[in-house]
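I have opened my notebook for a new structure and will jot down what I look up as I go. Please have a look along with me.

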Amino acid sequence: MSRTGKLLRNLGPGLLFASMAIGTSHLVLSTKAGAQYGWLMAIPIILANILKYPFFEFGVRYTSVTNKTLIEGYLNRGKGYLWFYAGITLLTTFTILAALYTVTAGLFINLFDIGQSSVATVALWLFIIISALLIFGKYKFLEISLKFVVSILFVALVITTILVLLQGPVPHVPNFKPTPIFNEVGVLFLIGLMGWMPTTVEASSWVSLWSIEKWKNQPKPSLKESLQEFNVGYGITAILALFFMIIGWFTLYGTNTQLSDNAVSFADQIVLLFTEHIGSWAYIFIAISAFATMFSTCMTAHDAITRVSLDIITLLKEKSTVKEKNNKLYFSIGVILLAVINFVVITAFSANMGNLVALATFVSFVVAPIIGYMNLKNVTSTEVAPNLRPNKNLRILTYMGIVFLSCFSLYYFYIVIF
């Protein structure tokens, strides 16, 4: 089989990673970054994708070499590692899914012009549909469906970005003053942007679990092939983040337009933003593409968080193996339980997704360097042969990421306190 054929066959975990990442961090935060701060936001977006790359790569590397999930590796480093990760998962589980479903519900209301429906009601139906797809469709359905979604989205965004670039940036309004970045509001936004760019660092274990699941149905690829497949997905997330930023920059920066924190209003603004630069004829296609993007993100995140939660519970109970039949039952229960809990969260927060996103991204940003260090400990342990451990350059990049994210977190606390 040719290299291209092998790569296409191995596509799965990396592609799911891309689909999961191209959600709130891209559609919401990257677009807002360009709209509010202009081209300067390309710097933190690129930095976040480069400096956080090793943290995610280590998840693929460790699992490929050891046939264990990254979460099992935490337990092998010490039970304290696992308890810490369990605590972070608990904190983010009830914010990430709620935020994703809130945005998706807003897009759905916009797409079908059902203004009388509440976000909570639409989110409930989304929870029901996605839960059924995950329980009955399983991993295979998830992988196949997302190959089409990511491919279509990539082509659509390339075309939109080219059209926007050809038209050039919109003229600035009179007396326009750039929004300051290094004040409390600006730093808080940067934390949100970089905390979820390309996605939360704790999601490194998600790719690990997807890899284990994929290898149940096909021959396991080599470490090199696994990393190549992941790099394709990671590269797509980085490129699309810049595309969304460029679209926000060229169409809104300098106009004093504020993107709403209300899910329905925000969805309307985003879809209109795209169609203004392509034509009203493209409205339905853009709306469907945006909705499909968020729908797939909800599916992947819901699937991953369920798997992570089950893995953590199993390991904390010191049961390394679970019968396949029981595992499927527990997965179904986990999917439904997460749906119920996050529906309650959405109902409590109403349609204000700003608070949900801010809380989830803040926690993710603060713990990112800690989880990055935990992943480094996994891939440099005795479980991984010296020749399969990350090379010197990748280790240097890892320490740079840990130091950078740690300093940024300390700077934020300094602003808040003083």
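Is Lys68 buried or partly exposed? I looked it up: Lys68 counts as partly exposed, at 28% relative accessibility. Buried here means under 20% relative accessible area, exposed means over 50%, and partly exposed lies in between (1.4 Å probe, protein chains only).

**Ground rules**

I note that this is a predicted model, in which local features need pLDDT of at least 70 and side-chain atom pairs count only at pLDDT 80 or more, while totals for chains, interfaces and linings use all residues. Residues are numbered from 1 along each chain as its sequence is written, and side-chain values use heavy atoms, with hydrogens and water left out.

**The whole chain**

I found 16 helices and zero strands in the protein chain. Both terms are DSSP runs numbered from the N terminus: helices are H or I with at least four residues, strands are E with at least two. The chain has 418 residues, and buried ones make up 56% of them. I then turned to contacts (heavy atoms within 4.5 Å). Of those between residues at least 6 apart in sequence, 87% join residues at least 24 apart.

**Lys68 again**

I wanted to know what Lys68 pairs with, and found a salt bridge with Glu383, the closest N and O atoms being 2.9 Å apart. The two sit in loops 315 residues apart: Glu383 between helix H15 (353–379) and helix H16 (392–417), Lys68 between H5 and helix H6 (70–77). Glu383 is also partly exposed, with a relative accessible area of 24%. For the record, a salt bridge is a side-chain nitrogen of Lys or Arg within 4 Å of a carboxyl oxygen of Asp or Glu. The structure holds five of these bridges.

**Bridges inside helices**

Next I checked Glu57 and Arg61, whose side chains meet in a salt bridge at 2.6 Å, N to O. They are four residues apart in helix H5, so about one helical turn separates them. Glu57 is buried at 2% relative accessibility, and Arg61 is buried at 9%.

I saw a salt bridge between Arg307 and Asp303 as well, at 2.8 Å, N to O. These two are four residues apart in helix H13 (residues 283–316), so about one helical turn lies between them. Asp303 is buried at 1% relative accessibility, and Arg307 is buried at 14%. Back at Lys68, I noted that salt bridges with shared partners join Lys68, Arg77 and Glu383 into one network.

**Aromatic rings**

I counted 13 aromatic pairs. Rings of Phe, Tyr and Trp (its six-membered ring) pair if their centres lie within 6.5 Å; planes under 30 degrees apart count as stacked, over 60 as edge-to-face and the rest as tilted. Tyr37 and Phe189 have ring centres 5.4 Å apart and planes at 35°, so I wrote them down as tilted. Tyr37 lies in helix H3 (residues 24–37) and Phe189 in helix H9 (residues 184–195), 152 residues apart. Tyr37 is buried at 5% relative accessibility, and Phe189 is buried at 14%.

Phe56 and Tyr234 make another tilted pair, 6.0 Å centre to centre with 45° between the planes. Phe56 belongs to helix H5 (residues 53–66) and Tyr234 to helix H11 (residues 223–252). Which residues form one aromatic cluster with them? I found Phe17, Tyr53 and Phe230 in that cluster.
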